[in-house]
Amino acid sequence: MTLEIKDVDAYYGSVQVLEGVDFSAAQGELLGIIGPNGSGKTTLLRAIARILKPRTGAILLDGKQVMQMKDKEFSRQFAAVPQDTTIHFDFSALDVVLMGRNPHLGRLELESEKDIDIARRCMELTNCWHLAERPVTELSGGERQLVIIARALTQEPKVLLLDEPTSHLDINYQIEIMELLKHLTVHEGLIIIAVIHDLNLAAQYCDRLALLRSGKIVSIGSEYEVLTAENIKNAFGADVIVKRHAVTNQCYVSPIPSSVKQQTEAAGKNSDITIHLICGGGAGASLMYLLSENGYNVTAGVVNMLDTDCEVAQLLNIPVVTEAPFSPITEDAFNAHVKQIEKADVVVLCNIPVGFGNLKNIEAAEVALEQKGKKLMIVETDPIEKRDFTGGDATKRVISLKDKGAVVVTKPEKVVGVVSTA
Ligand code: ADP
């Protein structure tokens, strides 16, 4: 079974809202539609749900024109869960779910035992059977959403369309609903197309993502293909860092806070100055971004592969001396690090935790301080005593660095101010 959206254009009056939208979804696929407000996500669902007739192009289910299906046939193939699921009448949850059987009933035909069994099965599947007798007006947003999804499922559709099914719900319901959608694709073979606001939730659960901007699909594919910092900047105008989650290996998107961006905009360009960051464990990530955006040449070391700092450096094309994952710094890495430090104008010892494995990074800071004409800065967001896992050795050596003239700042972003006035 395949749903094909072929070169669809759609208009509200004379205003074009979808342009050349073209993709297909296969049986058992959960496709997430993402994009900024007003990009046409809801309109796309409306077009598939026949609420808005495309002006050109075609929508086909298994090769059959959706627009040409009889209403009942269409409702047996497609079910939709709208954005607003408020119901103003105090029907019981079961009554609401049973309404989903209408496409299967003849005119004036009442629901049979079979219909009630189907409704019950769908309510059990969506974990809301215990709410069967409750008036829907009394349900919480999350409970109501499960009931409305159950209603859609009692239609026994092949394609389920959902418009922001998790917005306004707490994290437990968000997870419950996304897990349910996944289950419905994997075990019930549904095609699900869902507009999802939260990029990270979409990345975690969807098989593929389609990114819309101004009514066009600008990217479609796996989360890794679609959720790039460049795509998100182009579509949303937002600066983000995209990383892989250490546990799930899935993409996650973090916005870059405006405090970091403002610093960036205020400063000039400094391409002839090289700043080296001694970092690791994510302590250097914000400075890598900030300094690169300010036009400085940035280098970094020694960080372990898979470490946050390593990933951010690679993302920003910052030369970085690396060590194997979770391994102590070897002599080779230390020597490469010292070579890199020789080329820098300023060296910054970031707010790293120090153990025996990376004590050589403190030694590298000592080497830097010895080098003529080089400035050493220390970022101390937390006192070194709290980050010292060497039994006091690291603390002693950092205090000595300060005594010998290293400049201390309390926040990473302050490095930019100090460097630009030097
Ligand atoms: P999204 O779901 O991505 O936020 P929509 O599909 O709701 O975007 O809207 C796409 C564009 O169509 C927007 O510019 C919106 O203002 C416009 N639009 C949405 N619904 C209507 C309507 N019923 N009549 C006229 N324009 C509409």
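Helix α5 (residues 141–154) and helix α6 (residues 171–188) have axes that come within 10 Å and cross at roughly 15°. Because of that angle, α5 is roughly parallel to α6, a term for angles under 35 degrees. The crossing of α5 past α6 is right-handed. Axes here are lines fitted to C-alpha atoms, for helices over the stretch in contact, with angles from 0 to 180 degrees between N-to-C directions. Helices are DSSP runs (H or I, at least four residues), strands likewise (E, at least two), numbered from the N terminus.

This is a predicted model, in which local features need pLDDT of at least 70 and side-chain atom pairs count only at pLDDT 80 or more, while totals for chains, interfaces and linings use all residues. Residues are numbered from 1 along each chain as its sequence is written, and side-chain values use heavy atoms, without hydrogens and water.

On the α5 side, the contact (heavy atoms within 4.5 Å) is made by Gly142, Glu143, Gln145, Leu146, Ile149 and Leu153, and on the α6 side by Tyr173, Glu176, Ile177, Leu180 and Leu184.

The ligand is surrounded by residues including Tyr12, Val17, Pro36 and Arg46, each with a heavy atom within 4 Å of the ligand.

| Residue | Polar atom | Distance to a ligand oxygen |
|---|---|---|
| Ser39 | backbone | 3.1 Å |
| Lys41 | side chain | 2.8 Å |
| Thr43 | side chain | 2.5 Å |

Arg50, in the loop between α1 (41–48) and β4 (56–61), is not a glycine but has a positive phi near 65°. Glu156, in the loop between α5 and β7 (159–163), has a positive phi of about 50° and is not a glycine either.

Key. Angles under 35 degrees count as roughly parallel, over 145 as roughly antiparallel, 65 to 115 as roughly perpendicular and the rest as oblique. A crossing is left-handed if the near helix is turned anticlockwise from the far one by less than a right angle, and right-handed if clockwise. A polar contact is a pair of N or O atoms within 3.5 Å; within protein, one must be able to donate a hydrogen and the other to accept it, and residues adjacent in sequence count only if both atoms are side-chain atoms.
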